[in-house]
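Hi everyone, thanks for coming. I'd like to walk you through a structure that may be new to you, so let's bring it up on the screen.

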Amino acid sequence: MRDYIKNYIKSSIDTKSLILSDEKLLETIEKSADVIINAYKNDKKVLVAGNGGSAADAQHIAAEFVSKFFYERQALSAIALTTNTSILTSIGNDYDHKMVFARQLQAHGRKGDVFIAISTSGASKNIIKAAEYAKKCGLISIALTGLKESPLDSLADYVIKVPSKITPIIQESHIMIAHIICAMVEQSFNQ
């Protein structure tokens, strides 16, 4: 049991060490924060979506922007597209589950808004449909994925690929990266 605990923690640390040493990945994280800062400075919003644990991460990220991360500052507009069960189930029923996020982007997204697509596999059909819509309608998209090649690689404007194939390790890294982005955005409004 103890070896399992140690090996899991080591795997998490190893992945984060790979992120830390990947200059291109760090640059993409930085550019993603800059894109969000620019969107907010131009009265735009952030829309976030994911499935399963990534749905919870979408809510978490939106909450950090709307409430606060470290500092007292103005509220920033962010919507988790994963939270309204009536919307999710009606779109799933009336259209198709693949459309649950794209349809909401159609309702809430405007050119220049930022769509954060979270998918550990990069292959979630409803995330891909939303990324396709975002690209077609002038939203800026940031994808948080894992190591595998995926359709999001060519659909998103910025792709943050966590160097792991292990879903929980990818998810841990996604929330760490999202926290870094939130902190950078918040700092830009607290100067």
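Let's start with tyrosine 4, which is exposed, its relative accessible area being 57%. Please keep in mind that this is a predicted model. Tyrosine 8 is partly exposed, at 28% relative accessibility. Both sit in helix α1, residues 2–21, and because they are four residues apart, about one helical turn separates them.

Now look at phenylalanine 69 and phenylalanine 70. How are their planes arranged? The angle is 75 degrees, so this pair is edge-to-face, with 4.7 Å between the ring centres. Phenylalanine 70 is exposed too, at 56% relative accessible area.

Next, let's move to helix α3, which covers residues 53–66. From first C-alpha to last, its 14 residues reach 20 Å, close to the 20 Å expected. Which residues of α3 are buried? They are Ser54, Ala55, Asp57, Ala58, Ile61, Ala62, Glu64 and Phe65. These buried residues pack against α2, β1, β2, β3 and α8.

Phe65 takes us to the largest nonpolar core, which has 34 residues; Ile36, Val46, Phe65 and Ile116 touch the most other members. Elements giving two or more residues to this core include α2, α3, β4 and α8. Apart from it lies another core, of 21 residues, with Leu47 and Ala143 among them.

Back to valine 46: beyond its neighbours within four places in sequence, its contacts include Tyr40, Phe65 and Ile116.

Over the face of phenylalanine 189 lies lysine 41, 5.9 Å from the ring centre.

Note on methods
Residues are numbered from 1 along each chain as its sequence is written. This is a predicted model: local features need pLDDT of at least 70, side-chain atom pairs count only at pLDDT 80 or more; totals for chains, interfaces and linings use all residues. Side-chain values use heavy atoms; hydrogens and water are left out. The expected span of a helix is 1.5 Å times one less than its number of residues. Buried means under 20% relative accessible area, exposed over 50%, partly exposed in between (1.4 Å probe, protein chains only). Contact means heavy atoms within 4.5 Å. A nonpolar core is a set of buried Ala, Val, Leu, Ile, Met, Phe, Trp, Tyr and Cys residues joined through side-chain atoms within 4.5 Å. Rings of Phe, Tyr and Trp (its six-membered ring) pair if their centres lie within 6.5 Å; planes under 30 degrees apart count as stacked, over 60 as edge-to-face and the rest as tilted. A charge sits over a ring if NZ of Lys or CZ of Arg is within 6 Å of the ring centre and within 35 degrees of the ring normal.
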